[in-house]
Structures are given as structure tokens and as C-alpha cells.
Amino acid sequence: MRKALVVGINNYPSAPLRGCVNDAAAFGAIIETHGDGDPNFAVILRTNIAKKGELLGLIEKLFSGDSDVALFYFSGHGFENSLGTYLVTPDASKNDVGISMTDLLVIANNSKAKNRVIILDCCHSGAAGTSPITGGVTTTINTGVTILTASKQDEVSMEVNGHGVFTNLLIDGLQGGAADIRGDITPGSIYSYIDQALGPWEQRPVFKTNTTEFISLKKITPRVSKETLRKIIQYFPEPEHEFPLDPSYEDTNSPNIEHKITKPFAEPDHVEIFKDLQKFQSVGLVVPNSASYMYFAAMESKSCRLTALGYHYWRLVKQKKI
């Protein structure tokens, strides 16, 4: 069971925001299903929360039980003072601005859910997971907890054209920008995607985790199918093996096509293998030897070999993890 509480708050009496509700709605919609339409997260979307107690109750309910994944997303105001950092609620007062990130972490740390994911798009969100007692120096997160935030503790989180900069990139990543070869999108790949997209002078995302294996937040159609990927150990029986090529692997090297051709002419079985190898090359698993492109490696009877990434996936297939 995978469940998500998605919160976006615009309606702050003294400092209203514009993009948080839209961002929460977009995020909730994109994680509700996988790329093929299969169910993903059971989402509760709340954009009309008015009081701290209401939000706290929803958070406690989210992290109760032993679900496979419990995900909390918040877009709204963040506030920092000498006592800590807070998710601000519309009923904020001078001495009670909202839910402290310390309390949020305690609830997540104590949860029996196998994986707990916290995603925050608010100012000072990088404080999540740290203790105000140590001045934010020490991170204390239990096994299975992952935190991804829009900015560092001393930074604000920007809105542009009515949308959060961070959540815009988060949505792009979940649409496929952060997917790996198998179509998995993990918190780590999302962070890497956002980190590379933001310039060095802009807000910096923060990523903290205590886990031995990343979960997939969403699956999309992979760039290389599992069936094709599993053939990698057939084409490369050993990781150091160099697959020999010749013109018979190139589909266009056929007497039926009017251009310069050479023997041996294209053979259907070889062409199918070559198409797989070209797919591997397109995602960085294979490179041609002594040639710029796979086409020339075939036409010049050269070879191709696994890259370091290719060896990684070769091992996964060999270990029957794919």
C-alpha cells in the first residue's frame, strides 16, 4: 500500500501565496498513477487547511499503520525563528506559527511505514531532519526516511509565474526527466535532476536519506524494455567481451535500397540484434570500438563493448534482478 498526503496552502491572511494550490494539485495528479495508467499512490489532496491541528492530524494519520510507502508533500510558507523551523498554517500567531519540522520528523521517524518520504516546497525547508538544539548541524533520521526539500535552511523558495520553481522541476522529473533506463524514478534521481537544472546562484535543493535501497516514486515506460535489456548477457557473455560486427548487421545495407552497399548484405537476425545494440548505445550501455557511431562500426567490421554503466546493468541481469 502506497499513500500520500499532498498539501498546498495559498490562503494566508497576512501573506497570501499564488502557486501552492496549483503545485499540490499537479503533484498529486502525477503520482496517483504510473506512466502506463496503473495505480500508484492513494492520494489525499488538501488545499483548504485552515488550522495547525487539522494538518497535524492528517500527518499523524498518514504515518500511522505499516504501509509500504507514506509520502508527505507540502507547498506553502515556511518560517524560521530561534526555536526552530515551521510549516506555517493560516491560523499562525506570533507564538504558534504552525507545525515544527522537529515534530514532523519525530512522527516520520516513529512511523511503522516501511518507507517515509517528505517533500517540502517552502522557505527554509532544508532544516527538515536537523535539530535546533545543535544549530542544525546534526541530521537525525531513522532508517527508511527520505527528505527532499526546495531550498537550504537559510534560503527562500521562489515562485515564478504562479508556480514554485522547485515543484515545476519536480513535476518535470516525474514526467520522465529523472527516469532511469528501466523507467524508475527515485527520490535520488529526482534530486539529481533538480540539482542539475538549478543554477549555482539559485536556491539549492537538499536531499537527506537513511536507506539502503531507493524506492521508486513512479514508473514510466522504459527507454529499453526489460525483454531487450535481458539480452545483454546473451550479446556479452562476459563483461569484457567485444561483440564483433560486420555489414550484415546494418539494415540499410541491402540490395533493395539504392545506395552503396557491401557484402555481407543485411541479414534479418543480425539486423534485430544490431537494433538492440543501438538501443543499448543510445542509453549509454554500449559504445562502438574505433568508430564514431554504431553504423560505421558495422559497415567497417569493427566491434562494440559495454560501458561501466552497461556492466552495471549486465550484473543486474546476471543476478536476475531485472
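Reader: How do the residues of the lining of the largest cavity divide by class?

Author: This is a predicted model. In it, the lining of the largest cavity has four nonpolar, four polar and one charged residue. The residues are Asn-115, Val-117, Gly-144, Thr-146, Pro-187, Thr-211, Glu-213, Phe-214 and Ile-215. Glu counts as charged, and Gly counts as polar.

Reader: What makes a space a cavity and not a pocket?

Author: A 1.4 Å probe fits in a cavity but cannot get out, while a pocket is an open set. The structure holds one cavity of 30 Å³ or more. About 40 Å³ of space lies in the largest cavity.

Reader: What is the volume of the largest pocket, and which residues lie nearest its centre?

Author: Its volume is about 620 Å³. The lining has 24 residues, and Asp-180, Arg-182, Gly-183, Asp-184 and Lys-219 lie nearest the centre. Helix H10, residues 308-318, gives the most to this lining, with four residues.

Reader: Which residues make the contact of H4 with H5?

Author: H4 brings Phe-166, Leu-169, Leu-170, Asp-172, Gly-173, Leu-174 and Gly-177. H5 brings Ile-190, Tyr-193, Ile-194 and Ala-197. By class, this contact has eight nonpolar, two polar and one charged residue. H4 passes H5 in a right-handed crossing.

Reader: Why are H1 and H4 called roughly parallel?

Author: Helix H1, residues 20-31, packs with H4 at an angle of about 15°, with axes 10 Å apart. Angles under 35 degrees count as roughly parallel. H1 and H4 are therefore roughly parallel to each other.

Reader: What is the hand of the crossing where H1 passes H4, left-handed or right-handed?

Author: H1 passes H4 in a left-handed crossing. In H1, the residues at the contact are Asp-23, Ala-26, Phe-27, Ile-30 and Ile-31. They meet Thr-167, Leu-170, Ile-171, Leu-174 and Gln-175 in H4. Seven of the contact residues are nonpolar, two are polar and one is charged.

Reader: On to the backbone. What is omega for the cis peptide bond of Lys-263 and Pro-264?

Author: Omega is about -5° for the cis bond that joins Lys-263 and Pro-264. Pro-264 is found in the loop between strand E14 (243-244) and helix H8 (268-282).

Reader: What is phi of His-124, and where is His-124 found?

Author: Phi is near 65°. That is a positive value, in a residue other than glycine. His-124 is found in the loop between strand E7 (115-121) and strand E8 (145-149).

Reader: One more histidine. What does His-270 touch?

Author: His-270 touches Asp-246, Ser-248 and Tyr-249, leaving out residues up to four places away in sequence. Contact means heavy atoms within 4.5 Å. The place of His-270 is in helix H8.

Reader: How many Å separate the C-alpha atoms of His-270 and Ser-82?

Author: They are separated by 68 Å. Along the chain, His-270 and Ser-82 are 188 residues apart.

Conventions:
Residues numbered from 1 in each chain as written. Predicted model: local features only at pLDDT ≥ 70, side-chain atom pairs only at ≥ 80, totals over all residues. Heavy atoms only, no water. 1 Å grid on protein atoms, 1.4 Å probe; cavity = no way out; pocket = protein on both sides within 12 Å on 5 of 7 lines; lining within 4 Å. Points joined across faces, edges and corners; volume = space filled by probe spheres on them. Helix = DSSP H or I, 4+ residues; strand = E, 2+ residues; numbered from the N terminus. Left-handed = near helix turned anticlockwise from the far one by under 90°. Axes fitted to C-alpha atoms, helices over the stretch in contact; angles between N-to-C directions. Parallel < 35°, antiparallel > 145°, perpendicular 65-115°, else oblique.
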